[in-house]
Amino acid sequence: MLTELLIGLIGFILIVVIANVRIVSQSNAFILERLGAYFGTWGTGIHVKIPFIDRVAARVTLKEQVADFAPQPVITKDNVTMMIDTVLYHQVTDPKLFTYGVCNPMSAIENLTITTLRSIIGELELDETLTSRDMINNRMRIVLDEATDPWGIKVNRVEVRSITPPRSIQEAMEKQMRAERERRESILKAEGEKQSAILVAEGQKASAILKAEAEKAAVILQAEAAKEAAIREAEGQAQAILNIQKATADGLGMIKDVNADAALIKLKSLEALQKVADGQATKIIIPSEIQNLAGLVTSVAELAKN
């Protein structure tokens, strides 16, 4: 009987001990309270709490979390109401402050994000709001990070996911963008036509210059050809004169070589005179030497008859 009671007691103790063993996984933390007061923070590993005295008050994740808040209406400096959707990236750095610093931390962060966003957008006009997302993100991150330090939360990033202006503003912006695109198209078209006209004019100018240069070259070639022909003709005439002079000189040399006497020369002159007489000339001047030669020939002819 006593043995059974002892075994039962040991079993009860083991069950109680096992029931009070806690295993804390990676990137998590347990807040331990003893008799209702904060006692400690359990990190990764195996822990055992005292039954009926200690209790795990909170389980906190240390991973970076994303809080996606619903779009909120905000008013710009120029009184334009728009809807802005934000995304918040935060991480718990102190589990104790996160547990005891504020009631419902996520609701507190959401409300703080809304008020900060409205405060920042209220200082900007519509155009600045649409083009200053980086500035809005940085200012919101700085303000929220400072405000959440007492809560053990670090705000890593704040992103403005979308900005939705009223429908009337969107239509006006679309018309403005359409007009701007048409203006740019007109400018590009005019620039293209201007460039085309410039290219055509430059082409015509280049063509005219090439044509003038070609005509000039043709004239120069013709002049050079005419000059070359004149030079060749003059050279031919000079060569002909030289040939005649050479032939004359050769003839005189031959006469000199054969020792022709005066009678032979006179006879040749008479033959030349006969050829001259065969022409159409109406008046012939006969040298005196040939006249004497003619008389001599006549005398010889008469002696031959006798």
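Start your tour by selecting Phe 52: at 80% relative accessibility it counts as exposed (exposed is over 50% relative accessible area, buried under 20%, partly exposed in between, with a 1.4 Å probe and protein chains only). You'll find Phe 52 in the loop between strand E4 (45-48) and strand E5 (54-61). Helices (H or I, at least four residues) and strands (E, at least two) are DSSP runs, numbered from the N terminus. Check the backbone here too: Phe 52 isn't a glycine, yet its phi is positive, about 65°.

A quick word on what's loaded: this is a predicted model, where local features need pLDDT of at least 70, side-chain atom pairs count only at pLDDT 80 or more, and totals for chains, interfaces and linings use all residues. Residues are numbered from 1 along each chain as its sequence is written, and side-chain values use heavy atoms, with hydrogens and water left out.

Now select Leu 35. This residue sits in the loop between strand E2 (28-34) and strand E3 (37-42). Leu 35 is another non-glycine residue with a positive phi, near 55°. Is Leu 35 buried or exposed? It's exposed, with a relative accessible area of 69%.

Next, jump to helix H5 (residues 133-148) and pick out Asn 137. Asn 137 is buried, at 8% relative accessible area. Show the side chains of Asn 137 and Glu 159, and you'll see a polar contact of 3.4 Å between them. (A polar contact is a pair of N or O atoms within 3.5 Å; within protein, one must be able to donate a hydrogen and the other to accept it, and residues adjacent in sequence count only if both atoms are side-chain atoms.) Setting aside neighbours within four places in sequence, Asn 137 is in contact (heavy atoms within 4.5 Å) with Val 158, Glu 159 and Val 160.

Colour strand E8 (81-92) and helix H3 (105-121), as each supplies at least two lining residues.

Finally, zoom out to the whole chain, with its 8 helices and 9 strands. Of its 306 residues, 21% count as buried. Residues 24 or more positions apart make up 60% of the chain's contacts with a separation of 6 or more.
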